[in-house]
Amino acid sequence: VDPKKKKKNGNRLSRSMGRGLRIILSAQLRATTTTRGSAALRRPRLGGVSVARSRGTEESPRSLGRRWSGLGGSSEALERGTNKTLPDMLIACVGDVHGLWNRESEEALSWLQPDLSLFVGDFGEEDVELVAEVARVPERKAVILGNHDAWYSASPTRRGNSVALDGVEEQLDILGDEHVGLSAKTLPDLGLSVVGCRPFSKGGGDWKRFSKFYRQLYGLRNFDDSATQIVGNSFAEPEHHRLIFLGHNGPTGLGSSADSPCGLDFRPEEGDFGDRDMEDAIRAVLEKGRRVPLAVFGHMHERLHRFALPRTSRRMFHLDKSSGVAYVNCAVVPRIREAEGDPKATQHNFVLVTMTAALEVERVESVWLQKNQGDGSFERVETTEWYNRESG
């Protein structure tokens, strides 16, 4: 038998039903044997070492005084381990920034008073100063860096056996434990954990172009290594916690048309441009009985490329009814726009996810906020409802 043909067939088999079991077993082994590597090699953190608290307080700023009509809940569900009743939870998602984040954006986010904020990256071309601004945002948050945040470091045109990672390393150091790429953020008072997928993802199935970058930064050799790390981090989180997956790009499996949540729209041919390792990790975690109510990502912009015409807008939400996972692409780009009729005023986009006290997704909305110059508050000037549990 031709050994090359045998290896090829073996690889094809390993990528089918056996992949999930192999990833689970490998992740369980690594979770019990792997320690964090040196500063030179950023091994993913295993064991949920990052326990998040709101800055200046040990409890989440639940919805007391929340300035968002309709988001406060009246549920009778009890907080895990206490006799407190929980209102609905608000998660504010910030799509690909691409340089559009300023003081007014921070004020708008603060005005929303979310329980948790999720940033999907692409702040700029390794824009360290902008990342530092985001790091100073006082709201509790989880961040994952995107492909633009490693624009120079991950360039496949770089030659040599090593990659200059100064810009990437500086951003990671600034964000600290708030960067959850190949890590996890434990939120005990919310009863959930944010599991970070592979950061700096460009999407698609070509690992070779960026193999040097991922090997040097994280010691990853392929997509299976990445999926194994993600699953290991998931298993290390408290068993009773719901898991929210956060990626820069979304997973494969959400459709192959140009307007699907991760559909290829910038080439004449259409296809699924999601991350295989994210899909494999979510599937493996679900197979072990963990609850995953939500996966948030960006990268694939809402406005489609001209190759997708006559379609102009992407489908930004997908609910997998069999597993209950709600997939939210929050890449509304650009996320800041001029107000109609008032070029001095700007409007800021956020994708809001409302979850019930039972940590199930109840509503997903894309909203535009504009500041009232009189009192400094914000008003919702446009809302697009992507999902409402009551209406299906």
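How many contacts beyond four places in sequence does the model have for residues 32-41, where pLDDT stays under 50? There are 13. Contact here means heavy atoms within 4.5 Å. pLDDT is the predictor's confidence in each residue, from 0 to 100. Residues 1-18 also stay under 50, and for them the model has 5 such contacts. Over the protein, mean pLDDT is 82, and 76% of residues reach 70 or more.

Ground rules. This is a predicted model: local features need pLDDT of at least 70, side-chain atom pairs need 80 or more, and totals for chains, interfaces and linings use all residues. Numbering starts from 1 along each chain as its sequence is written, and side-chain values use heavy atoms, with hydrogens and water left out.

Now the helices. Helices are DSSP runs of H or I, at least four residues, and strands are runs of E, at least two, numbered from the N terminus. Helix 7 (residues 223-236) and helix 8 (residues 276-287) have axes that come within 8 Å and cross at roughly 40°. Axes are lines fitted to C-alpha atoms over the stretch in contact, with angles from 0 to 180 degrees between N-to-C directions. Helix 7 contributes F223, A227, I230 and V231, among others, to the contact. Helix 8 brings residues including R276, D280, A281 and A284. By class, that contact has 8 nonpolar, 2 polar and 4 charged residues. Nonpolar is Ala, Val, Leu, Ile, Met, Phe, Trp, Tyr, Cys and Pro; charged is Asp, Glu, Lys and Arg; the others, Gly among them, are polar.

Next, the pocket. A pocket is an open set of points on a 1 Å grid over the protein atoms alone, with protein on both sides within 12 Å along at least five of seven lines; lining residues have an atom within 4 Å of a point. The largest pocket is lined by 23 residues. Nearest its centre lie K202, F266, F273, H299 and M300. The lining divides into 6 nonpolar, 8 polar and 9 charged.

Last, the backbone. Most residues other than glycine have a negative phi, and most peptide bonds are trans. Q113 is not a glycine, yet has a positive phi of about 50°. Q113 sits in the loop between helix 3 (103-112) and strand 3 (116-119). L309 and P310 are joined by a cis peptide bond, omega about 10°. V333 to P334 is also cis, with omega near -5°. P334 lies in the loop between strand 10 (325-329) and strand 11 (336-339).

Technical notes
1 Å grid on protein atoms, 1.4 Å probe; cavity = no way out; pocket = protein on both sides within 12 Å on 5 of 7 lines; lining within 4 Å.
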